[in-house]
Amino acid sequence: METETHPTLYRLDGDIVLSAVLTPASRQLFRVHKLFLAQHSDVFGGMFQVVSEDHITETYEDVPMVRMPDDDRAEDLAVLLDVIYQPS
């Protein structure tokens, strides 16, 4: 399966990579900050408590990677992350 990084939500200083379905044959990667997401979302906060780095076996560019469920599309995740990172 092919992967591509998101053009604005792949931050080089991020400490977690979220992978979401872009097309049936590809996934999009978002490199973001666990602390920032946990502060703005109880769902992400809970996910990071349950899925500690000790339990993450997959990495991308040496950063822990979490595959989002296949019904979580990359476009939807991008909208959510945009709201978290750039509230208006």
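Start by selecting R31 and G14: a polar atom of the R31 side chain sits 3.1 Å from the backbone oxygen of G14, a polar contact (N or O atoms within 3.5 Å, one able to donate a hydrogen and the other to accept it; residues adjacent in sequence count only if both atoms are side-chain atoms). What you have open is a predicted model, where local features need pLDDT of at least 70 and side-chain atom pairs count only at 80 or more, while totals for chains, interfaces and linings use all residues. Residues are numbered from 1 along each chain, and side-chain values use heavy atoms, without hydrogens or water.

Stay on R31. It belongs to strand 3 (residues 26-32); strands are DSSP E runs of at least two residues and helices H or I runs of at least four, numbered from the N terminus. R31 is buried, at 11% relative accessible area (buried is under 20%, exposed over 50%, partly exposed in between, with a 1.4 Å probe and protein chains only).

Next, select helix 2, residues 42-50. F44, G45, M47 and F48 are its buried residues.

Finally, show F30. Setting aside neighbours within four places in sequence, its contacts (heavy atoms within 4.5 Å) include L18, L77 and L81.
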